[in-house]
Amino acid sequence: MERMAMACETLLTAAERLGGYAAIEWCPFELKSTLRLWGPAGDDFALMQRLKREFDPGGLLNPGRLFGKI
């Protein structure tokens, strides 16, 4: 598990350093709360929040999943 966590962090960091983005699509449940699963939020984050509120006003679909915020 520790090696997997290190590999995920290395992947996200390398993508950011190269000016790109990465996301961890799947990992064991035990690791989800300890890992950074998404790269940094971009300039369009406010727009994504607005769209989420518009299409899911009750916050029922995947609450808190994206960046742990949307």
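1. Of the 70 residues of the protein, 21% count as buried; buried here means under 20% relative accessible area, exposed means over 50%, and partly exposed lies in between (1.4 Å probe, protein chains only). This is a predicted model, in which local features need pLDDT of at least 70 and side-chain atom pairs count only at pLDDT 80 or more, while totals for chains, interfaces and linings use all residues. Residues are numbered from 1 along each chain as its sequence is written, and side-chain values use heavy atoms, with hydrogens and water left out.

2. Overall layout. The protein has three helices and zero strands, and its elements run α-α-α from the N terminus on. Helices (H or I, at least four residues) and strands (E, at least two) are DSSP runs, numbered from the N terminus. Along the principal axes, the C-alpha atoms fill a box of roughly 40 × 30 × 15 Å.

3. Surface and contacts. Accessible areas come from the Shrake-Rupley method with a 1.4 Å probe; for residues, only the protein chains shown count as cover. Among contacts (heavy atoms within 4.5 Å) between residues at least 6 apart in sequence, 43% join residues at least 24 apart.

4. Salt bridges. A search of the whole structure finds three of them, a salt bridge being a side-chain nitrogen of Lys or Arg within 4 Å of a carboxyl oxygen of Asp or Glu. One of them pairs Arg-36 with Glu-9, at 2.8 Å from N to O. Arg-36 lies in the loop between helix H2 (29-32) and H3, and Glu-9 in helix H1 (residues 2-17), so this pair ties together parts that are 27 residues apart in sequence.

5. The side chain of Arg-36 also meets that of Glu-16 in a salt bridge, at 2.5 Å from N to O. Because Glu-16 lies in helix H1 and Arg-36 in the loop between H2 and H3, the pair ties together parts that are 20 residues apart in sequence. Glu-16 is partly exposed at 32% relative accessibility. Through shared partners, salt bridges join Glu-9, Glu-16 and Arg-36 into one network. Arg-36 is partly exposed at 31% relative accessibility, and Glu-9 is partly exposed at 34%.

6. Asp-56 and Lys-52 also form a salt bridge, their closest N and O atoms being 2.6 Å apart. Asp-56 is buried, with a relative accessible area of 8%.

7. Cysteines. How many disulfides does the structure hold? The number is zero, where a disulfide is a pair of cysteine sulfur atoms within 2.5 Å. Cys-8 is in no disulfide, and the nearest cysteine sulfur, that of Cys-27, is 6.2 Å away. That distance is too far for a bond. Cys-8 counts as buried at 10% relative accessibility, and Cys-27 counts as buried at 3%.

8. Nonpolar patch. Leu-47, Leu-51 and Phe-55 form a nonpolar patch on the surface, with about 330 Å² of accessible area together. Patches are made of residues with over 30% relative accessible area and no salt bridge; like charges are joined within 9 Å, and nonpolar side chains (Val, Leu, Ile, Met, Phe, Trp, Tyr) within 5 Å. Leu-47 lies in helix H3 (residues 45-55) and is partly exposed, with a relative accessible area of 41%.

9. Leu-18. This residue is in the loop between H1 and H2 and counts as exposed at 76% relative accessibility. Leu-18 and Ala-5 are 13 residues apart along the chain, and their C-alpha atoms are separated by 20 Å.
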